[in-house]
Amino acid sequence: MSSASDAVGLRRARFARRLPATLAALAGPHHGAVSLPLHLAWSGLREFDLDHPRLRMSCYRIALAEGSHDDLVEYLNRDLILAMWPILRTLISRDIRDVWENAFGELKELDD
C-alpha cells in the first residue's frame, strides 16, 4: 500500500517533469486574448483575456495544474508570472507551488 508521502512525491515529480529550464523560457503573451487547447479546458472555459486580472489568474492556474511543458512555455509569460506569483501561489496546490519555488529561486524570494 502506498503512503501519503509516496503520493506527494509522485505528484511533485509529475509537475517537475513539466518545468521549463528557466523562467525566461516562458514566452507566452503578455496581454490580449488567449485560447487554451481543448486538453486544458477542463473547466469549460477556453478563452481568457489576459488584460483582465481574474481571467489572467484563471488561465495561469489551469496551465500550471494541467499544462504540459510545451503548454507552459507557450501560454505563460515570465514577467506576468513574476508579477502574479505572490497571489497566484496561494491559489495553486502546495505541490505545484513547492515544485516551482524550489526550481526557480526568484519566485520563492517574492514571498519572503
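The model is predicted, so local features need pLDDT of at least 70 and side-chain atom pairs count only at pLDDT 80 or more, while totals for chains, interfaces and linings use all residues. Residues are numbered from 1 along each chain as its sequence is written, and side-chain values use heavy atoms, with hydrogens and water left out.

**Stop 1: the largest pocket**

Rolling a probe the size of a water molecule over the atoms shows where empty space is left. A pocket here is an open set of points on a 1 Å grid over the protein atoms alone, where a 1.4 Å probe fits, with protein on both sides within 12 Å along at least five of seven lines. Lining residues have an atom within 4 Å of a point. The largest pocket has a volume of about 210 Å³, the volume being the space filled by probe spheres set on the points, which are joined across faces, edges and corners.

Select Met57, Ser58, Arg61, Ile62 and Leu91: of the 12 lining residues, these are the closest to the centre of the pocket. Then select helix 2 (residues 53-66), which gives the largest share of the lining, seven residues. Helices are DSSP runs (H or I, at least four residues), numbered from the N terminus. By class, the lining has eight nonpolar, two polar and two charged residues. Nonpolar covers Ala, Val, Leu, Ile, Met, Phe, Trp, Tyr, Cys and Pro; charged covers Asp, Glu, Lys and Arg; the others, Gly among them, are polar.

**Stop 2**

Side chains of opposite charge can pair when their charged atoms come close. A salt bridge is a side-chain nitrogen of Lys or Arg within 4 Å of a carboxyl oxygen of Asp or Glu, and the structure holds five of them.

Select Asp95 and Arg11, whose side chains form a salt bridge at 2.5 Å, N to O. Asp95 is in helix 5 (residues 94-103) and Arg11 in helix 1 (residues 4-18), 84 residues apart in the chain. Buried or exposed: which is Asp95? Asp95 is buried, because its relative accessible area is 9% and buried means under 20%, exposed over 50% and partly exposed in between (1.4 Å probe, protein chains only). Arg11, at 34%, is partly exposed.

**Stop 3: Glu101 and Arg89**

Select Glu101 and Arg89, which meet in a salt bridge of 2.6 Å, N to O. Glu101 lies in helix 5 and Arg89 in helix 4 (residues 78-91), 12 residues apart. Glu101 is buried at 4%, and Arg89 is buried at 12%. Before moving on, select Arg11, Arg12, Asp95 and Asp98: salt bridges that share partners join them into one network.

**Stop 4: Asn77**

Asn77 lies in the loop between helix 3 (69-75) and helix 4. What does the side chain of Asn77 reach? It reaches the backbone oxygen of Gly28 at 2.8 Å.

Asn77 is buried, at 9% relative accessibility. Leaving aside neighbours within four places in sequence, Asn77 is in contact (heavy atoms within 4.5 Å) with Leu26, Gly28, Pro29, His30 and Tyr60.

Technical notes
Helices (H or I, at least four residues) and strands (E, at least two) are DSSP runs, numbered from the N terminus. A polar contact is a pair of N or O atoms within 3.5 Å; within protein, one must be able to donate a hydrogen and the other to accept it, and residues adjacent in sequence count only if both atoms are side-chain atoms.
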